[in-house]
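Open the model in your viewer and keep the selection panel handy. The tour moves from stop to stop.

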Amino acid sequence: MAFTLYSLLQAALLCVNAIAVLHEERFLKNIGWGADQGIGGFGEEPGIKSQLTNLIRSVRTVMRVPLIIINSVAIVLLLLFG
Amino acid sequence: MAYHSGYGAHGSKHRARAAPDPPPLFDDTSGGYSSQPGGYPAPGADVAFNVNHLLGDPMANVAMAYGSSIASHGKDMVHKELHRFVSVNKLKYFFAVDTAYVAKKLGLLVFPYTHQNWEVQYSRDAPLPPRQDLNAPDLYIPTMAFITYVLLAGMALGIQKRFSPEVLGLCASTALVWVVMEVLALLLGIYLATVRSDLSTFHLLAYSGYKYVGMILSVLTGLLFGSDGYYVALAWTSSSLMYFIVSLGSRLLRWGRSWGRGSPSGLQLLLSSRCALCEQQPWAPTVWGAQLPGSVSSST
């Protein structure tokens, strides 16, 4: 298991892609992880599930455009250098 | 000679900047290198900043002034960007160590069981630097331990005649990747469990780096005493590191935590994740294949 920094970057890119493709309406709502479900008041502790849903929604919002760019760069690099 | 040096002046602009030679008392006719353009205005006229007045060429002066202003501007920009990402003052706090602190901390990492007082001391709301407080985290020991571990791994491989220079780089990047993944996992855990504490990223980096001390000791013992010594030292160092981190972590997290509904579970989650990460420590040396004389090789 010899990692290089490049493999770390690739793995990170794949993970962020995986989080970003979780569709809000078709998938997350059906398993109850939608962004507007279960917010439930301004309690003290948000709880792990709402933290996770917030995280997924924010990753999707923030990383949409940068992911397009980084994915294109990665595709070109993989095509050229294998 | 005057127009010849006038011709050569254009080429000498570049050459004079690159390699200024001492002002010749006579015209140098070898190969057309004439650095002293006789046909041009007097050298040394209004040179603002430079000692070599033999760049009497005003164009060269202007070019050099422009270049140095661009260089300083670039340096300022780099500093500003660096300050935006890495606050250098906070980083300096972690490197304010001295020899006594390092010695005591290393002893604490190996044998934390008799240490009584684990609280980090504060002075007027700012934590004391490591020089004055044994419980404060520092980044000096993890950095040095990381580098020592990479070198030691190279030496261990060399003893088994499996060394090549690329292995050093590979081992260094592998270990770095493990540290980064561990810090990211810890950050994710802290975010999910909404444990509010004053644990910054550098604290997490420091705690992740402390395990390299244990790994160094294990590898050294393994080199000296064979694979039995390796496993004994591994067990000892991982248990003491676990005790160390749990003691420190429980003090730190309890201090900054908000007493909400889900907080005890958050604390449990974090401590258990820390224990799990300490268990990861034994796998790291075997993973990249630091094999000891007399033990079976598993992976590469």
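Are K211(B) and E182(B) buried or exposed? Select the two: both K211(B) and E182(B) are buried. Buried means under 20% relative accessible area, exposed over 50%, and partly exposed in between (1.4 Å probe, protein chains only).

Before going on, note that this is a predicted model: local features need pLDDT of at least 70, side-chain atom pairs count only at pLDDT 80 or more, and totals for chains, interfaces and linings use all residues. Residues are numbered from 1 along each chain as its sequence is written, chains are lettered from A and ligands numbered from 1 in the order in which they are written, and side-chain values use heavy atoms, with hydrogens and water left out.

**Stop 1: the salt bridge**

Stay on K211(B). It forms a salt bridge with E182(B), with the closest N and O atoms 2.6 Å apart. A salt bridge here is a side-chain nitrogen of Lys or Arg within 4 Å of a carboxyl oxygen of Asp or Glu. K211(B) lies in helix α8 of chain B and E182(B) in helix α6 (residues 165–193) of chain B, so the pair ties together parts 29 residues apart in sequence. Over all chains, the structure holds one salt bridge.

The charged end of K211(B) sits over the ring of Y212(B), 5.2 Å from its centre. The cut-offs are NZ of Lys or CZ of Arg within 6 Å of the ring centre and within 35 degrees of the ring normal.

**Stop 2: aromatic pairs**

The structure holds ten aromatic pairs over all chains. Rings of Phe, Tyr and Trp (its six-membered ring) pair if their centres lie within 6.5 Å; planes under 30 degrees apart count as stacked, over 60 as edge-to-face and the rest as tilted.

Select Y210(B) and F244(B). This pair is edge-to-face: 5.7 Å centre to centre, 85° between the planes. Y210(B) is in the loop between α7 (201–209) and α8 (211–256) of chain B, while F244(B) is in helix α8, 34 residues apart. Both Y210(B) and F244(B) are buried.

Next, show F111(B), Y113(B), W236(B) and Y243(B). Ring pairs link them into a cluster.

**Stop 3: helix α4 of chain B**

Select residues 99–110 of chain B, the twelve residues of helix α4. Helices (H or I, at least four residues) are DSSP runs, numbered from the N terminus. Y101(B), V102(B), K105(B), L108(B) and L109(B) are buried. Look down the axis: the buried residues of α4(B) fall within an arc of 125°, so they line one face of the helix. The arc is that of the directions from the helix axis to the C-beta atoms. The face turned away carries the exposed T99(B), A103(B) and K104(B).

Definitions and conventions: Helices (H or I, at least four residues) and strands (E, at least two) are DSSP runs, numbered from the N terminus. The expected span of a helix is 1.5 Å times one less than its number of residues.
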